[in-house]
Amino acid sequence: MAVTSAAVQPRPSILSRLAESRNVLGFGFMLPAAALLLVFLTYPLGLGVWLGFTDARIGRPGIFVGIENYEYLWSDSIFWLSVFNTLLYTVSASILKFALGLWLALILNENIRFKSFFRAVVLLPWVVPTVLSAIAFWWIYDSQFSILSWALQQMGLIDHRINFLGDPTNARASVIAANVWRGIPFVAITLLAGLQTIPQSLYEAATLDGASRSQLFRYVTLPLLTPIIAITMTFSVLFTFTDFQLIYVLTRGGPVNATHLMATLSFQRGISGGQLGEGAAIAVAMIPFLLAAILFSYFGLQRRKWQQGGGD
């Protein structure tokens, strides 16, 4: 019986195999980020959900009261007014930001002079801190020294100063306008990046086939831009729905709760009012709306396979 002279290669140890595994390497790189998310996102979320089931106040932990906070909110007219304000604020501002942002992106995508300069200028409202923007709008909307009312009076369009933040209807329109001004750059620049990825050959082929500018937009630009629109508008809706700083600095929810959003009402009840359990319950009530926006993004992105010729 012949005996082979070749030495038997030892099997690699488990540690060496794990060290060479790309999956383990990727997990190792993601572990610090996962730990940060767990500490700064998962724990606060879990704590908020738990506080929503307690009667905790500032200074004492409270006891478990079940769904008592949610039952109270169900019959609270101010809470439902904040829900209405939040939906009105989010829907109106998001539609305006999308329409104006897309229009601006289409203009900046053209071959115009100084377009790099204009692209940089467009980003300014997004770069400026929210609190500074809110203070600037607070001055623009001031009931006595409003530069906007003064300009309209000088042009002869109005004969008395407008009470922007003291009238409920005007206050709602004013905070929506401020949010739109601040949010347009994000939508415009993101959609502009999407427009840059559309091959020019598609436009040239469609033009040779006799397509007009409106047809180019409808049948070439819009279908290929839909995945970017889905992502952009999802983030825009999330940012708008959870807006706090702009409203808090401008109106603090007034007048007569006309501009109270769920985020500002949660802060007022939980921090200013000391009712941590009730404030947490209002914050938790925002989760279904946020999940709906995320699901919209998910199902919107599913169209991408269809646009690229794949199956649904």
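**Recorded spans.** I began with residues 24-43, which are 100% helix and 0% strand, with end C-alpha atoms 26 Å apart. Residues 216-241 are also 100% helix and 0% strand, and there the end C-alpha atoms lie 33 Å apart. Helices here are DSSP runs of H or I with at least four residues, strands are E runs of at least two, and both are numbered from the N terminus. UniProt, in an unreviewed entry, lists both spans among its "transmembrane region" features; such annotations may be inferred rather than shown by experiment, and feature names are shortened.

**Ground rules.** I am reading a predicted model, where local features need pLDDT of at least 70 and side-chain atom pairs count only at pLDDT 80 or more, while totals for chains, interfaces and linings use all residues. Residues are numbered from 1 along each chain as its sequence is written, and side-chain values use heavy atoms, with hydrogens and water left out.

**Cavity.** How many cavities of 30 Å³ or more does a search of the whole structure find? I get one, and about 50 Å³ of space lies in the largest cavity. A cavity is a set of points on a 1 Å grid over the protein atoms alone where a 1.4 Å probe fits but cannot get out, and lining residues have an atom within 4 Å of a point. Grid points are joined across faces, edges and corners, and the volume is the space filled by probe spheres set on the points. I noted Asn 85, Tyr 89, Arg 172 and Thr 259 among the lining residues. Helices α4 (77-108) and α9 (168-196) each supply at least two of the lining residues.

**Helix α4.** I next checked α4 against α13 (residues 262-272): they pack at about 145°, axes 8 Å apart. Axes are lines fitted to C-alpha atoms over the stretch in contact, and angles run from 0 to 180 degrees between N-to-C directions. The contact (heavy atoms within 4.5 Å) includes Phe 79 and Thr 86 of α4 and Met 262 and Arg 269 of α13.

**The α12-α13 loop.** Which residues does a cis peptide bond join? I found Gly 254 and Pro 255, with omega about -5°; Pro 255 sits in the loop between α12 (245-250) and α13. Arg 252 belongs to that loop and has a positive phi, near 55°. Asn 257 is in the loop too, with phi near 65°.

Methods
On a 1 Å grid over the protein atoms alone, a cavity is a set of points where a 1.4 Å probe fits but cannot get out, and a pocket is an open set with protein on both sides within 12 Å along at least five of seven lines; lining residues have an atom within 4 Å of a point.
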